Every structure is written in structure tokens, then in C-alpha cells.
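I opened a new page for this one and went through it piece by piece. These are my notes, in the order I looked things up.

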Amino acid sequence: MRGKNRKVKAATLEGKGLLTVKDYPYPDLDKNCAIIKMEYSGICGTDKHSFEGFFHQKGGRPIPLPVIQGHENVGIIEEINGDLLDHDGKKLFVGDRVVPAPNISCGKCFACRNNRPYYYCECKLDYGNNIGAGKAPHIFGGWSEYLYIIPGSHLFKYPDNLDPQFGTFIEPLSVTGCLDKARQWSSEWEPFRSGDTVAILGTGPIGLFHLIKANLMGAGKLISIDPSKFRTSIAEEFGATNTVVSNNGDEIKDNINKITDNYGVDLVVDCSGVSEGFSIALNLIREGGMVLEVGIFSNSHAIPINPHSQILEKSARVIGVGGDDISQYYPSIKLLDRTIHQLPWDKIISNNYNINNINKAMEVAMSDKSMKVLVNP
């Protein structure tokens, strides 16, 4: 049904812990805009932080409430007004299945004009996060029946032969481009090189994707650390050689010392999502080791760090990962396509809920008995 009375149902975050299902008007399309009929959207750790009330995230920009969350999206183009191109400049058509990247950079600020990564943009828009639902056309997040696409969006055509549920993996898989950077920036004695010991601290969905990528890149010992036995058992199916089921820093370090003969880990990817994880990660690396900080996307709370013993004395390298790598979307789709029969990708999806059950979906996503929780219209 088209026309002014048509409604769009969407799960909307209206305050800390307050998710409601609301109806919005189906919008008219402005020039060079599009509407995607949503198929699936993932619940990310960032979404959980927002739900918990951490509304100041990367760059200190507040989330404008109300907001429709959901940035791990896949859907089918419903309407186009004008020309719509994918990231490689190829024309897209109604009926194409696409994965939209969450960030839209302005192209005008210092970061954009100096070839910085697109998420460095000083005034970027972010689907499912910093574009509020208070003003028309409202529907800027994936926990909705439809998603409004504005000019400057990065769209990636998704193969028809792949399960569309796996399209929600592409955004978090693109974040694992930090492992490629770690390899590019490594030296003879610095990680990340083939055979290095890699520990994933926090093996929820984003941690699991980094574990998968590290395994495919030739990690030696590959250690999954998480307080949930459910999650570490899934990590084993994706190549984890060792697991540590704990969230206690001393206990984790003791186990790492046993696994590495007191040498320490070459590379730790902190996907724990809690501030304490960063300090634990610094304590696990060997001299000259590296920490990739991936999991903290909101200003939760400060923690004590000893710059001498934890960083200087270890000649540690720390790389902050501020967002998804736009150059990694199509490679991530290709990686998924190439390994679709080699890896048990379906086991990453633990639950799938209709948006009418968004509160149950979030409750399950917040528990340690879930992996990737999907939302569908």
C-alpha cells in the first residue's frame, strides 16, 4: 500500500532501557535518495551501550533521542529517486540486495579533505546511532520495516546466493581490517605475523569475527577469553586452539602464562566491551606486543593505567579502532562467499526476533547465553 496513510513500524530507543515499537509515516523520496526494505539487522555491542544509557559515544557526540537503532543492516532496494551507485560506482536498481555502511562522511571537513578514514569525519552521520527519529523522514535505523538512504551513503551489493542473514556480518567483519593494518605495520619482532599468538579478549560477536579473521590470516596459538563457556565453545569451532573461561584479570593472566610458557601474547584484541578489558589486555602481551582496542565505543568510566609497567617497559603498541573500514566491505563479502561451506557461519546467529519483540531481543542479546542476535521486520 502506498500513499500518505502508509505506516512504517520501527523499534525506537526513547531513553535509558526504554525501547518501544512505534509507527512512522512512509516517506516521500528526495532526489538521489532511496528506501530499503529491511530484511535483517544485528544487535551490536554499541547498541547495548546505548540501551544502557551511554549516550555519549565516539567523538563525544550525544545520541539524539528518540533514535531507531540498527547499523548492521541488509535489505532490498524498494524505491530510488534518481541515480543510486554502489561503493565501486556501479548503478544499483530496485530489487538489488545491499548492505549499507553505517557512516556517511561530509567530504568537506579537515579529516575528509585530508584522506582520513571515513569515520574520522568531524560531522559524520551514522545510521542507527546519531541520526534521530524525531524529524522526518525518521527511519534512519535498521530495526525498522524500511530504511531511508540519503546521498553520500556507501552501499554494497550483496550476492543472491548467500543467506541474507549473513549480510549482518559484513559491517563487523569490516572492522577486522585492523588486523590487516597490524600486519602491514609489523616489523621483524613486532606482531602481527604468521604464527603469532593471538588472544581475543571477549568472544562475543565482534570478538568472534576477529578470531575468524586472525585464524584465516595464519595465527599460531589462537586464544578465546570470555566468561561464557557457551561463547568460547563456539570460538573453538572457528579455530580457537585454547580457551580461558573467566573475567578475572589475575586468573586470565595466570592461564595465559601457562599457555605461553610465561612469555606473553603477541597480539591481544580487546573486544570485551568493558573499560577494565584494556588494562587486562596490556597485562597479557609480551615485550613488544600489541593491543588492538576494539570494544569500547562509549564513555563508560575511567580506569587506572600504569604507563611505565604496562606500556613503556613492554615497548607496547596500542592501536585504537574507531570504526569500520570502508575498504573492507567488499573483501568481507568475498571472504564470506569463499568460506561459506568451510566455516559454520550459521552458528554465529543464536537468536532471531521480530521487531515487535525488541525488548526480548535486547534481553537475550545482553545475556552471555547468546552470540549474534538479529532483528527482522
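**Overall build**

I started with the secondary structure and counted 11 helices and 17 strands in the protein. A reminder to myself: this is a predicted model.

Next I looked at size. A compact globule of 377 residues would have a radius of gyration near 21 Å, and the protein has 21 Å, so the two agree. Along the principal axes, the C-alpha trace spans about 70 × 40 × 40 Å.

Then I checked burial, and 56% of the 377 residues count as buried. The exposed surface comes to about 15900 Å², with carbon and sulfur atoms supplying 49% of it.

I also looked at how contacts reach along the chain. Taking contacts with a separation of 6 or more, 69% are between residues 24 or more positions apart.

For charge, I noted 39 positive and 43 negative side chains. The centres of these two sets lie 4 Å apart.

**The cores**

Which residues touch the most other members of the largest nonpolar core? I found Val198, Leu208, Val269, Leu292, Trp345 and Ile348, in a core of 52 residues. The elements giving two or more residues to this core include the helices α3 (170-175), α4 (177-184), α5 (205-216), α6 (229-237) and α10 (329-338).

Leaving out residues up to four places away in sequence, valine 269 touches Leu179, Val198, Ala199, Ile200, Leu201, His210, Leu292 and Val294. Two of those names, Val198 and Leu292, were already on my list of core residues with the most touches.

**Helix α10 and its cover**

In α10, I found Tyr329, Tyr330, Ser332, Ile333, Leu335 and Leu336 buried. What covers them? The cover includes β5 (97-100), β9 (155-157), α3 and α5.

Is tyrosine 158 buried or exposed? Its relative accessible area is 1%, so tyrosine 158 is buried. Setting aside residues up to four places away, it touches Arg97, Val98, Val99, Asp163, Pro164, Phe166, Gly167, Ile170 and Leu336. Leu336 is one of the buried residues of α10. Arginine 97 is 61 residues from tyrosine 158 along the chain, yet their C-alpha atoms are separated by 5.5 Å.

**Two serines**

Serine 224 is in strand β11 (residues 222-225). With a relative accessible area of 0%, serine 224 is buried. Beyond its neighbours within four places, I listed its contacts as Ile200, Thr203, Leu211, Thr232, Ala235, Ala240, Asn242, Thr243 and Val244.

Serine 309 is in helix α9 (residues 307-312). Its relative accessibility is 28%, so serine 309 counts as partly exposed. I checked its distance to tryptophan 189, which is 120 residues away along the chain, and the C-alpha atoms are separated by 20 Å.

I then looked for cis bonds. The peptide bond from alanine 136 to proline 137 is cis, with omega near 10°. Proline 137 sits in the loop between β7 (125-126) and β8 (146-149). The bond from proline 191 to phenylalanine 192 is cis as well, with omega near 20°. Phenylalanine 192 is in the loop between α4 and β10.

Positive phi came next. Asparagine 32 is not a glycine, but has a phi of about 60°. I found asparagine 32 in the loop between β2 (18-25) and β3 (33-42), and at 34% relative accessible area it is partly exposed.

Aspartate 261 is not a glycine either, and has a positive phi of about 55°. Aspartate 261 lies in the loop between α7 (249-259) and β13. Its relative accessibility is 66%, so I marked aspartate 261 as exposed.

Key. Residues numbered from 1 in each chain as written. Predicted model: local features only at pLDDT ≥ 70, side-chain atom pairs only at ≥ 80, totals over all residues. Heavy atoms only, no water. Helix = DSSP H or I, 4+ residues; strand = E, 2+ residues; numbered from the N terminus. Rg over C-alpha atoms; globule rule 2.2 N^0.38 Å. Buried < 20%, exposed > 50% of the residue type's maximum accessible area, 1.4 Å probe, protein only. Contact = heavy atoms within 4.5 Å. Areas by Shrake-Rupley, 256 points an atom, 1.4 Å probe, with all protein chains shown as cover. Lys, Arg positive; Asp, Glu negative; His and termini not counted. Charge placed at Lys NZ, Arg CZ, Asp CG, Glu CD. Core = buried A, V, L, I, M, F, W, Y, C linked by side-chain atoms within 4.5 Å.
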